[in-house]
Amino acid sequence: MSQLVISSLDELTKYEGTEMGVSDYHTITQEQIQKFADATLDHQWIHLDAERAKTESPFGATIAHGYLTVSLLPYLWSQITSIQNLKMQVNYEIESLRFNQAVTVNGRVRLRAKLLSVKNLRGIAKARLEVTLEIENSKKPAFTGIITFLYHFND
């Protein structure tokens, strides 16, 4: 599926209730996990100690932080849609989020997104999305949830 280009609140509204698409796969590397640990001060061994994770972790390898996978949402969403003609985009809300499966190091994930609703808040588009972060070769997704972005379109 090719990237959707959306330039206005009216154009975005046309996709309400539809699956918007699926992103490319993104590989989560140990380097990315390390950088996220450093940025968030979350240095738990299950994320960083490969030798210990092999023997003590139920996953047999280090795993990505759950919040690292969530932080990929804007990046992966931008592969599905190109929202243009914007003053600004704001991450507004995570209404619900359930972590279903850990993502092991070098795991490949992609985003599947459905636009649930669009509301016009005095010219600002409030877009609610049903999101699923799929893990390659896994029946269970990394997470499922509903997120909201605010789009401030130029007049």
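Select Y151 first: at 0% relative accessibility, this residue counts as buried. The model in the viewer is a predicted one. Y151 belongs to an aromatic pair with F153, whose ring centres lie 6.2 Å apart with 40° between the planes, a tilted arrangement. F153 is buried as well, with a relative accessible area of 7%.

A pair of aromatic rings is described by the distance of the centres and the angle of the planes. W77 lies in helix α6 and F149 in strand β8, so their pairing ties together parts that are 72 residues apart in sequence. Both W77 and F149 are buried. A search of the whole structure finds 5 aromatic pairs.

Keep W77 selected and display its surroundings. Which residues does W77 contact, leaving aside its neighbours within four places in sequence? They are M20, L111, A113, L129, F149 and Y151.

Next, widen the view to the largest nonpolar core, which holds 35 residues. L12, I28, W77, V131 and Y151 touch the most other members. Elements giving two or more residues to this core include α1 (9–13), α2 (30–40), α6 (73–80), β6 (108–121) and β8 (143–153). Which element gives the most to this core? It is β7, with 6 residues. In soluble globular proteins, nonpolar side chains tend to be buried together.

Now select strand β8 and its partners. β8 is mostly covered, 10 of its 11 residues being buried. Strand β5 (residues 86–99) pairs with β8 in the antiparallel sense over 11 bridges, and L97 stands opposite G145 in β8. β7 also runs antiparallel to β8, joined to it by 10 bridges; here I124 stands opposite H152 in β8.

The tour then turns to charged side chains. A search of the whole structure finds 8 salt bridges. Select R128 and E95, whose side chains meet in one of these at 3.0 Å, N to O. This pair links distant parts of the chain, with R128 in strand β7 and E95 in strand β5, 33 residues apart. R128 counts as partly exposed at 22% relative accessibility, and E95 counts as partly exposed at 42%.

Proceed to R108 and E136, whose side chains form a salt bridge of 2.7 Å, N to O. R108 lies in strand β6 and E136 in the loop between β7 and β8, so the pair ties together parts that are 28 residues apart in sequence. R108 is partly exposed at 31% relative accessibility, as is E136 at 29%.

Select E51 and K54 next. Their salt bridge has its closest N and O atoms 3.4 Å apart. The two residues are 3 apart in helix α4 (residues 50–56), and are therefore separated by about one helical turn. Are they buried or exposed? E51 is exposed, with a relative accessible area of 53%, and K54 counts as exposed at 53% relative accessibility.

Finally, select residues 17–127, which UniProt lists in an unreviewed entry as "domain: MaoC-like". This span is 32% helix and 37% strand, and its end C-alpha atoms lie 11 Å apart.

Conventions
Residues are numbered from 1 along each chain as its sequence is written. This is a predicted model: local features need pLDDT of at least 70, side-chain atom pairs count only at pLDDT 80 or more; totals for chains, interfaces and linings use all residues. Side-chain values use heavy atoms; hydrogens and water are left out. UniProt positions are given in the numbering used here, feature names are shortened, and annotations may be inferred rather than shown by experiment. Helices (H or I, at least four residues) and strands (E, at least two) are DSSP runs, numbered from the N terminus. A nonpolar core is a set of buried Ala, Val, Leu, Ile, Met, Phe, Trp, Tyr and Cys residues joined through side-chain atoms within 4.5 Å. Buried means under 20% relative accessible area, exposed over 50%, partly exposed in between (1.4 Å probe, protein chains only). Contact means heavy atoms within 4.5 Å. Rings of Phe, Tyr and Trp (its six-membered ring) pair if their centres lie within 6.5 Å; planes under 30 degrees apart count as stacked, over 60 as edge-to-face and the rest as tilted. Two strands pair if DSSP finds at least two bridges between them. A salt bridge is a side-chain nitrogen of Lys or Arg within 4 Å of a carboxyl oxygen of Asp or Glu.
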